[in-house]
Amino acid sequence: MIDKIVSSPLDALADIRDGATVMIGGFGTAGQPNELIDALIETGARELVIVNNNAGNGDAGLARLLALKRVRKIVCSFPRQADSHHFDALYRAGEIELELVPQGNLAERIRAAGAGIGGFFTPTGYGTALAAGKETREIGGRMYVLESPIHADYALIKAETGDRWGNLTYRMTARNFGPVMAMAARITIATVHEVVELGALDPETIVTPGVFVQRVVPVERVATTAGGFKRAA
Amino acid sequence: MSPQATLSTSPIARWTREQMAARVARDIPDGAVVNLGIGLPTAVANHLADDQEVVLHSENGVIGMGPAPAAGEEDFDLINAGKQPVTLRPGGAFFHHADSFAMMRGGHLDICVLGAFQVSAAGDLANWHTGAPDAIPAVGGAMDLAIGAKKTFVMMEYLTKGGQAKLVPECSYPLTGLGCVSRLYTDLAVIDLADGECTVIELAPGLTLRDLQALTPGVTLKRA
């Protein structure tokens, strides 16, 4: 029998080691798996390489992981935000390595890892500083840059509903990186707000098939908070 | 005479940001699929006519985006690229990030509207990084958008705060994309960029081509 349901975030992360590469879903606060990030902090794992679109908002979640100096390197597209003060301070002090990746290249490099693709040519970034030193090729009269896949040891993602096989649905724009990160990691851990019986999810609406998911952790629903922008006064 | 002095002595009615946004909206055809960048371009959505069925895409994974929700109705699982709460129109859809950027890179968007630090006469765009030593670089989807949409429009003030034209012979800021900008909407003029030529198609009231040329060293402007 297949049963991927794990009772707590900490149990789901019990086997993580220092130096692990960890993908964390979310675009700003939408889709950010806060319970899993808190558990990651609790494990005490250090020297982590984090892959996320951003570099933390405010003082909780990913921002707290950074503030505690658990992260050696971050791979992201948009670290600078109105409330990214923890990343900003570490970066300016030279205490964190940054690999800045155009957002579409980030998504496609993650997808490529999950799809077994060894690299791909993309027009994005050609002729810019973010393609410096990379192989280029003219294809059909247009210039392209060779980009490599990004693999991970773990992907921590936030989904909406799941079952014991690991089939997942998401909620609105909280989906963002979840489906591609789930494909790219050796161990994908998804939080869900509801676990349903096998067969209860409409097969036509399953977004991430369970084959991409190793552990499913039920968590209480908490309304997603604002983050990443300045509120009008 | 400095560029600022030239302007301050002329009775020029610069277009406001809202007028610029309305001008862009007029050029968006019914049925177009459009991505509006963060900042100045966001205002374009407020000027789309009711009979214009324009489909708005946001790179975080939503198409068919509607206006901001009423106060108290915000749901921060439904946000735009600026991470602000939005709504979904009937017919709208959600998708993951790789699909969202396939929509750009794959040429499925008709128009994107971006802000800029500088644009060159050849249509090169610089809008992601000032290159200043203490600046924290952040690129987001700018590079994908710039080269992905069928047409890339730029909305910007024509001059920097220091009075320098942002339409330049060659960008000095780090580039976002090469030869990708097809039209500039500014507070002083609307300019088409094609094959290295800069064709002024509209001037702010009171401004002559000669005035604009004087503000734009190193770039040859011609009138449509």
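User: How many residues of chain B are in contact with chain A, and how many of chain A are in contact with chain B?
Analyst: In this predicted model, 32 residues of chain B are in contact with 43 residues of chain A, where contact means that the C-beta atoms of two residues, placed from the backbone, lie within 7 Å. Because the model is predicted, local features need pLDDT of at least 70 and side-chain atom pairs count only at pLDDT 80 or more, while totals for chains, interfaces and linings use all residues. Residues are numbered from 1 along each chain as its sequence is written, and chains are lettered from A and ligands numbered from 1 in the order in which they are written.

User: Switching to chain A, how many helices and strands has it got?
Analyst: Chain A has six helices and 13 strands. Its radius of gyration is 18 Å, close to the 17 Å that the globule rule gives for 233 residues, so chain A is as compact as a globular protein of that length. That radius is taken over C-alpha atoms, and the rule is 2.2 Å times the number of residues to the power 0.38. Along the principal axes, the C-alpha atoms of chain A fill a box of roughly 50 × 45 × 40 Å.

User: And what percentage of chain A counts as buried?
Analyst: Of its 233 residues, 53% count as buried; a residue is buried if 20 or more other C-beta atoms lie within 10 Å of its own, exposed if 12 or fewer, and partly exposed in between. Looking at contacts in chain A between residues at least 6 apart in sequence, 77% join residues at least 24 apart.

User: Tell me about helix H5 of chain A: how far apart are its end C-alpha atoms?
Analyst: The ends of H5(A), residues 103-115, are 18 Å apart, which agrees with the 18 Å that its 13 residues should span at 1.5 Å a residue, where the expected span is 1.5 Å times one less than the number of residues. Just after H5(A), A:Gly116 takes a positive phi of about 75°.

User: How many residues of H5(A) are buried?
Analyst: Twelve of the 13 are buried, so H5(A) is largely enclosed by the rest of the structure. Among them are A:Asn105, A:Leu106, A:Glu108 and A:Arg109.

User: What covers the buried residues of H5(A)?
Analyst: The cover includes strands E1 (21-24), E5 (120-122) and E7 (142-147) and helix H6 (178-184) of chain A, together with H3 and H4 of chain B.

User: What does A:Ala107 touch?
Analyst: A:Ala107, whose place is in helix H5 of chain A, touches A:Phe177, A:Val180, B:His97, B:Ala98 and B:Phe101, not counting residues up to four places away in sequence. With 30 C-beta neighbours inside 10 Å, A:Ala107 counts as buried.

User: How far apart are A:Ala107 and A:Asn176 in sequence and in space?
Analyst: They are 69 residues apart in sequence and 9.4 Å apart in space, going from C-alpha to C-alpha.

Terms used:
Helices (H or I, at least four residues) and strands (E, at least two) are DSSP runs, numbered from the N terminus.
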